[in-house]
Amino acid sequence: MCGIVGFTGSQKAAPLLLDGLKKLEYRGYDSAGIATLGEDGIHMEKAAGKIKNLDGKIQGGETLPGLSGVGHTRWATHGAPTDVNAHPHLSNDGKFALVHNGIVENYVALREELMAKGFQFKSETDTEVVVNLLELYYDGDMKDAVLKTVARLEGAYALGVLCREERGRVITARQAAPIILGVGKGENYFASDVTALVAHTKDVIYLDDGEIADLTPDGITIYDTSGKVLEKTVERVTWDVAAAEKGGYEHFMLKEIMEQPAALRSTIEPRIQNGEIVLDQFSLTDADLKKINKIMITACGSAFYAGSVGKYVIEELCRIPVEADLASELRYRNPLVDEHTLLVVVSQSGETADTIAAMKECKARGARVLAIVNVVGSTIARLADDVIYTWAGPEIAVATTKGYTTQVAVMDMLAVYMARRLGRLEDAVYHQMVEELLRLPELVQRSIEINPALQSLAEKYHSHNDIFFIGRNLDYAACLEGSLKLKEISYLHSEAYAAGELKHGTIALIERDRPVIALACCEVLLDKMLSNIQEVKARGAEVLAVVLEGEEKIVHEADDVILIPKTHPLLNSVAEVVPLQLFAYYMAKSNGCDIDKPKNLAKSVTVE
């Protein structure tokens with residue numbers, strides 16, 4: 001959550017910082033600000049609301065002088081989203097300006113200590129204690145002040161520091177919150193997300209927890225918390241700025257939905273060679289794999305629902321018990337994990353705070369950790385024993401689409417791959433499933449093309465305040481994601497239920513004209529789903545059925561139909577969810593919602 005940028009070089013800093021903040025808008029925020037260092041000291045402007053408010057105040061950055069600076073988009077945690085609480089914050093003596101992502105858990109004690117020393121506080125934030133600690137510890141060396149300050153902090157932080165006494169120098173530090181350094185020629189950058197950097201440089205360094213970077217126009221020096229200089233590898237970003245632009249689409253979400261066939265090809269095709277699945281990043285030997293007696297999948301939000309699909313597919317093919325756990329619950333429940341457990345961690349950003357904590361907890365108990373992530377060099381990728389990247393490319397819309405489908409595709413590949421190595425999949429079935437995995441991009445494209453009426457369906461249903469999804473088995477897992485997509489961007493109340501649970505209370509909510517979206521792509525359970533559809537129809541519900549092409553029985557019972565192309569029954573979930581994404585998109589559009597930046601949501605949840 002939040003965004004952070006920093007720059008030092010020979011160009012005017014404010015316009016570059018403003019551009020970087022605009023690139024980070026998708027992460028979610030409620031205020032923004034910039035501080036620059038000019039010849040006469042620190043210049044700062046902040047504004048609650050959208051970045052355009054800040055842009056207007058500083059006239060595109062022209063009113064803020066200076067060749068170095070820091071910027072921030074804030075998501076309120078301590079204190080309301082006001083100009084005063086917005087970042088950057090200044091120290092009492094005006095010597096330091098600071099931006100901060102994360103939460104300082106011991107800020108109350110630090111605030112009381114500083115107040116006892118005579119420091120005054122203008123905001124309600126936890127961040128202001130950090131900038132005043134910098135003043136307290138400053139004795140002429142900015143780096144030493146940062147080292148002493150971070151030693152006092154408990155919790156999560158990514159800091160950007162500017163000092164009036166040290167022109168041309170910016171410092172950043174991280175602990176449980178992402179920071180990426182951009183390496184330029186005669187200028188250097190830092191940001192919380194690579195999207196803010198790629199317009200200026202594709203050479204980056206990923207900071208790890210407990211590291212501090214000292215940036216000047218001429219170079220970058222990285223230290224650990226003891227002040228020891230560290231050697232870090234410069235890596236090359238492989239996608240360009242055009243990948244983070246709308247490309248003619250009205251919204252990033254629509255663009256990213258339409259990019260899913262290409263994203264799936266990038267995810268799948270390089271990993272299937274001569275008819276065999278090849279996962280070079282998966283280092284478990286056959287002997288190691290046979291010692292695994294339990295697989296746990298953990299994630300948050302849509303990544304958890306991708307993991308829920310994975311649970312069904314892995315358990316069916318590998319015949320190993322699989323649990324899917326919300327990371328926010330797993331981290332606190334004293335899990336039964338040991339060296340015979342494979343933990344599969346799923347995250348688009350690779351920076352999800354609860355997921356990182358759950359991962360560390362299980363790893364400390366001996367679990368082997370496999371990460372499925374999209375962002376190279378992210379915290380989860382670096383902490384895991386093995387990593388499978390989804391290669392979805394940058395995803396800008398807050399509501400994930402291609403991030404989710406590529407995660408499911410990796411889950412499907414992983415299940416088939418492990419089942420083959422465990423000797424639990426016949427050759428004929430294995431090769432059939434490999435062929436169908438290669439067809440997934442084509443099937444997703446077809447699922448878009450054969451449903452031209454999705455916008456009309458959205459216009460029919462968009463005024464309903466309550467919508468229910470029902471399904472069984474893998475359809476139930478897909479229901480969870482379809483319902484989440486609808487509620488998070490259209491702001492409509494939507495719930496997903498296992499269809500077999502209708503009689504156990506849920507059916508009390510069914511009223512005349514209530515929309516029920518019934519996923520019925522699990523062929524072995526079609527008769528059961530038909531009964532469930534008849535149950536809700538008998539109580540007046542309108543049924544929008546999601547069915548495989550050629551299915552007749554359910555089509556005759558439903559009021560409206562979404563069609564899905566056929567594939568292997570265990571691989572339906574990828575193509576099945578795409579029309580539901582489009583349906584949610586058009587519902588949100590019909591309701592006039594801010595589709596790419598839904599209210600109260602952030603792209604990457606880096607605090608608990």
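The secondary structure of the chain consists of 19 helices and 27 strands, where helices (H or I, at least four residues) and strands (E, at least two) are DSSP runs numbered from the N terminus. The model is predicted, so that local features need pLDDT of at least 70 and side-chain atom pairs count only at pLDDT 80 or more, while totals for chains, interfaces and linings use all residues. Residues are numbered from 1 along each chain as its sequence is written, and side-chain values use heavy atoms, with hydrogens and water left out.

Along the principal axes, the C-alpha atoms fill a box of roughly 75 × 55 × 45 Å. Of the 608 residues, 60% are buried (buried means under 20% relative accessible area, exposed over 50%, partly exposed in between; 1.4 Å probe, protein chains only). Contacts are defined by heavy atoms within 4.5 Å. Among contacts between residues at least 6 apart in sequence, 72% join residues at least 24 apart.

Strands β2 (residues 31-38) and β3 (residues 41-48) run antiparallel and are joined by eight bridges; two strands pair if DSSP finds at least two bridges between them. The two strands form a hairpin with two residues between them, and L37 has I42 in β3 as its bridge partner. L37 is also among the residues touched by S68, together with F7, T8, A13, A35, T36, L162, G168 and V170, when residues up to four places away in sequence are not counted. S68 lies in strand β4 (residues 68-74) and counts as buried because its relative accessibility is 2%.

An open sheet with antiparallel pairing comprises seven strands in the order β5-β6-β7-β8-β12-β13-β14. Its edges are β5 and β14 (229-230), each with a single partner strand, so one side of each has no neighbour in the sheet. β5 is joined to β6 by two bridges, and H89 has L98 in β6 as its bridge partner. Helix α4 (residues 127-137) has nine of its 11 residues buried. These buried residues pack against β5 (89-90), β6 (96-101) and β7 (157-163), as well as α3 (107-116) and α5 (142-150).

Strand β20 (residues 341-347) pairs with β21 in the parallel sense over six bridges, with V344 opposite L370 in β21. Five of the six residues of β21 are buried. S378 is placed in the loop between β21 (368-373) and α12 (379-383), and its relative accessibility of 1% makes it buried. Not counting residues up to four places away in sequence, S378 touches S349, G350, E351 and V373. The C-alpha atoms of S378 and G69 are 25 Å apart in space, and the two residues are 309 apart in sequence.
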